[in-house]
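Here are my notes on this model. Please read them with the structure open beside you.

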Amino acid sequence: MNTTRPNKNEPAAIVVGGGLVGASAALGLARAGLRVALVDMATAPVWNADAAPDLRVYAISPASSDLLEKLGVWGSIAAARAQPYRMMRVWDAAAPNDEVRFSADDVALPWLGHIVEQNLIAAELARGLQACPNVVQHRPARVVELTQDEDSVAVELDDGSHLKAKLLIAAEGANSPLREKLGIGTSGRDYASRGVVGFVRTGKPHGDTCWQRFQPGGPLALLPFTENRCSFVWTLPDAEAQRVLELDDATFAREFERASGGCLGAIEPLSPRAAFPLKLRLAKRYAQGRVVLAGDAAHGVHPLAGQGVNLGLADVAELVRLAEAAHAQRRDIGSPQLLRRYAARRRSEDTLAAYTFDGIERLFGTDAVLPTLLRGPALGLVDRLPPLKRFFVRHATGRRSATA
């Protein structure tokens, strides 16, 4: 095991999980002046500009880029490879003439967000952590035992070492072992679908626009990327997703062009294809004692709105805000009262988002006659009502106080 930046002082917080959410939480707490121990099963990620782009990309909202800016990493991410987008166009395959267009102009912002590779963000966060003297990293390491009492929480790692702190953040992902250790159950459903992802080149310019076409099997999203490429997420039932993964490039290109309605012209595949399973999952509690859940350990949502990572980073922003204020006032950053405030606010917002996306999936993911007849006019109505459009855009950007 490699432990970087040893520190004899007891940490104020332990963060378990070094992905985007865990690394952001650790860096945010450290920059607020707290000593932090980060535990992760993997070594620190690296990013290579000359390598093929990571197949997993995120639509980073302005609120999330604000957080990454506060953490001191957004400038290097944007300079390396980040594609801004100014518009979203959404329509239903059964009613192609009824579409809704969301524009940054609707909320007086320069951009609706940026499309960024997962491993680029992870690598820049890792660099920030390495440069931060308040962080002790335990990589690769795994928590084998968790105990807590009224005043502290403690873990034993798989190398026999022990850590003790006032607060523990569990951010190890959807199958969180710590959530299981705490006996926190989840609710939700399996969509029996997978998101097929990859990169394509399109015959027409993407126009700094995210394109999403709803079909009965699931939405297909084309996301603008650098060098006139597009990342895509094609949601399909499990068996159909497997079939699409196995297509040769020429057949895939023809099927993809039909599924996208030809919105960006001819398709040229540029990468291998991969797929990930889709599930709705919400933890029944976000806090227990001095332990809180964040990111995918707390919630998993349908990717149709591209908000999963933004919800996780909103968890981080709330945690850091509360801990920073408590630390400045010399109060206990892991007090049950403080963690209940975090849990109440974030679980409420995450639940609303998760079931909103789930409702959209149920409406647009069926070929039943009545929903099919209603979908196109519903999108057309949203497009014709500026206040409703601004409402949706503000939620997608995280800038709910934006003015138009």
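1. Strand 11 (residues 153-157) and strand 12 are joined by 4 bridges and run antiparallel. Strands here are DSSP runs of E, at least two residues long, and helices are runs of H or I, at least four long, both numbered from the N terminus. Two strands pair if DSSP finds at least two bridges between them. Look at V155: its bridge partner in strand 12 is L163. The model is predicted, so local features need pLDDT of at least 70 and side-chain atom pairs 80 or more, while totals for chains, interfaces and linings use all residues. Residues are numbered from 1 along each chain as its sequence is written, and side-chain values use heavy atoms, without hydrogens and water.

2. This pair belongs to an open sheet of 3 strands, in the order 10-11-12, with antiparallel pairing. Strand 10 (143-148) and strand 12 (162-165) stand at the edges. Each has a single partner strand, so one side of each lacks a neighbour in the sheet. On average, neighbouring strands of this sheet are turned by 15° against each other, direction ignored. Axes are lines fitted to C-alpha atoms, for helices over the stretch in contact, and angles run from 0 to 180 degrees between N-to-C directions.

3. Another open sheet has 3 strands in the order 4-8-5, again with antiparallel pairing. Its edge strands are strand 4 (57-60) and strand 5 (82-85), each pairing on one side only. Here neighbouring strands are turned by 25° on average, direction ignored. Strand 4 pairs with strand 8 (residues 113-117) over 4 bridges. I60 stands opposite H114 in strand 8.

4. How do helix 1 and helix 8 pack, and at what angle? Helix 1 (residues 20-31) and helix 8 (residues 308-328) pack at about 20°, with axes 9 Å apart. The two are therefore roughly parallel, a label for angles under 35 degrees.

5. Finally, the second largest pocket holds about 220 Å³ of space. A pocket is an open set of points on a 1 Å grid over the protein atoms alone, where a 1.4 Å probe fits, with protein on both sides within 12 Å along at least five of seven lines; lining residues have an atom within 4 Å of a point. The volume is the space filled by probe spheres set on the points, which are joined across faces, edges and corners. Among the lining residues are E10, R35, K166, H327 and D332.

Notes
Parallel < 35°, antiparallel > 145°, perpendicular 65-115°, else oblique.
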